[in-house]
Amino acid sequence: MENKTIKIGLVGNPNVGKSTVFNTLTGMKQHTGNWTGKTVTNAVGTFEYEGKEYELVDLPGTYSLISHSAEEEVTRDFVLSNDYDFIIVVCDAVCLERNLNLVLQLKKVTSNVIVCVNLIDEARKKRIIINFSKLEKELDLPVIGISARNEEGLDELLKLIDEYNIKENCENNVSKNIEEVISIQVEDKIIKEAEKIAQKTIQFEKKDYASKDRKIDKILTNKITGIPIMLLMLGVILWLTIQGANYPSQILFNALFSYFSTAFSSITTSITGMINEILHASKIAPIIIMITMITIVRFCFASNNTFNFL
């Protein structure tokens, strides 16, 4: 039993930083593939802590265990399979009430659940205070607050995983037909229960913390302004692809040409000419343009993750 690999399922709503938690814990010890009979990608990674080996399965994001898509079906089937030691459900600290719906649904399926509240740094910025000890008591589940991208609270998460009392041969307390267990009536009760728990455990020091986001949403999702903004953004992307990337590409090309010309200035004229031909060859230009475009895209994604534009 000492050499047994402990299998953990990583579950959560979309866009709660679940994959960031996965990447931070597993690092490069991961591989991707497809779920059996599905086109949905799965990611499995491993990590070690205190001499124990863990296998972490990053499941597709879902709002409910009642599946409406192939991704949600994959997550539901995994949870019902009981082919795991326990589940970590990742929640967004800023939208915790909405995330609690999935937590309460999972609780009906298995008692082997750890609640990981991510993005606590964003909650602090918006002056949202979460009483984790009270939340743990209300849910009757272990709860930990972290910021995966800043690696805040990850040591505490690993300690909680290590100390968690894994119940072997624990049977799910529901039938395999999840629709019978989480019906519309039950789902309504879960939503109300999540609302009550949120009221008891979450405090908003700044009542209008989401006013800026709502104002932006009103502009971006408005019938009149939304479509022109979308077309403008698509136009910018198209311009960057066709024309915009040429400017930094040319600067990079000139820098490379200047470097090689200086570096090989003492070489014979024939070799220098050959180098010039290689640098000016049509095969080099697309590579430089691709490098520039990838850099621009990576910069846009990094800016979005840092400043939460979208």
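In this predicted model, Leu106 is in contact with Val11, Leu65, Val79, Ile87, Val89 and Val113, leaving aside its neighbours within four places in sequence, where contact means heavy atoms within 4.5 Å. Residues are numbered from 1 along each chain as its sequence is written, and side-chain values use heavy atoms, with hydrogens and water left out. Local features need pLDDT of at least 70 and side-chain atom pairs count only at pLDDT 80 or more, whereas totals for chains, interfaces and linings use all residues of the predicted model.

Leu106 is also among the residues with the most contacts inside the largest nonpolar core, which has 37 residues, together with Val115, Val117, Leu135 and Leu139. Such a core is a set of buried Ala, Val, Leu, Ile, Met, Phe, Trp, Tyr and Cys residues joined through side-chain atoms within 4.5 Å, buried meaning under 20% relative accessible area with a 1.4 Å probe and protein chains only. The elements that each supply at least two residues of this core include α3 (96–109), β6 (113–118) and α5 (132–139), helices (H or I, at least four residues) and strands (E, at least two) being DSSP runs numbered from the N terminus. The largest share of the core, seven residues, comes from α3. A second, separate core of 26 residues includes Ile8, Leu25, Tyr54 and Ile146.

Helix α3 also holds Asn99, which is buried because its relative accessible area is 2%. With neighbours within four places in sequence left aside, Asn99 is in contact with Asn13, Val16, Val90, Cys91 and Asp92.

Methods. Buried < 20%, exposed > 50% of the residue type's maximum accessible area, 1.4 Å probe, protein only.
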